[in-house]
Amino acid sequence: MEDARFNKAQNPVIDDATKTATVQRSGAYEGFLKCLMQGVFRPGRLVTQREICDATGSPITAVREALKRLEGEGIVELIAKKGVILREITADEVREIYQLRKLVEVPAVRIYALNHDPEEVATLRRKTMEIINAPMETAEQRQALVQQRTQLDWGLHQTFLRALQSSLVDTIFRNLETRQMLVRLQLPPRYLSHGEAFAEHHEILDAILERAPDKAAQLLADHLDTAKQRFLDAIEY
């Protein structure tokens, strides 16, 4: 009996199947978030599991597992025999998100300001300026710019958080950012066409290059307060 269990544990076919299932679940989860970032799914709209499979290129079993995870994170609501609804984020949740972000990100940027890679910061500054100066004449350009801004914004704040070297913080922040993507999808296009946040990013990056942790921390705290208010103004408009 013990030998049979041992042989099963060492069976490469079972190991490969387990790895494949894990990769597929992760792929379905990441694919859903990508679709979310691109605006494929909208808050309040009922989406079938088959539509999610088609959009993410994932098998139904992997999608079901990913949706359970997303439901646990408060991103979706599963409707039995009907499909999935993306939750709409409330003003109170926005306040809570930014309260938590300040508690974590402000200490993180202090550490990053003292231990940053100048080349990494220079790259972030360049990308920020490209976003600020990007053309917005056509609807296609504006749509592409919204996605680019979302990705750059997410990447910048993740860069600061990596200074904490905490996988738990990374996981929490990822969930917060996903919720913020839901908020962005609820906002009118005129809100998303503004780039004030990236001018604020540029000031923070300048303070980091100066190795001025207190200045960078204050600028980031102000930026998060302003961002919170922008979201609240748009939601309550």
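Modeller: Let's start with Glu-120, which is partly exposed, with a relative accessible area of 27%. Here buried means under 20%, exposed over 50%, and partly exposed in between, using a 1.4 Å probe and protein chains only. Before we go on: this is a predicted model, where local features need pLDDT of at least 70, side-chain atom pairs count only at pLDDT 80 or more, and totals for chains, interfaces and linings use all residues. Residues are numbered from 1 along each chain as its sequence is written, and side-chain values use heavy atoms, leaving out hydrogens and water.

Glu-120 meets Arg-162 in a salt bridge, 3.7 Å from N to O. The pair ties together distant parts of the chain: Glu-120 is in helix H6 (residues 118-132), while Arg-162 is in the loop between helix H7 (139-161) and H8, 42 residues apart. Arg-162 is partly exposed too, at 46%. A salt bridge means a side-chain nitrogen of Lys or Arg within 4 Å of a carboxyl oxygen of Asp or Glu. Helices (H or I, at least four residues) and strands (E, at least two) are DSSP runs, numbered from the N terminus.

Glu-130 is partly exposed at 45%, and so is Arg-126 at 44%.

Now for helix H4. Lys-68 forms a salt bridge with Glu-65, with the closest N and O atoms 3.6 Å apart. Both lie in H4, three residues apart, about one turn of the helix. Glu-65 counts as partly exposed because its relative accessibility is 36%. Across the whole structure, a search finds 13 salt bridges. As for the general idea, side chains of opposite charge can pair when their charged atoms come close.

What does H4 sit against? There is an open sheet of three strands in the order E1-E3-E2, with antiparallel pairing. Strand E1 (46-47) and strand E2 (76-79) are the edges, each pairing on one side only. Helix H4 (residues 60-72) packs on this sheet, touching E2 and E3, and its direction makes about 125 degrees with that of E2. Strands pair if DSSP finds at least two bridges between them, and contact means heavy atoms within 4.5 Å. Axes are lines fitted to C-alpha atoms, for helices over the stretch in contact, with angles running from 0 to 180 degrees between N-to-C directions.
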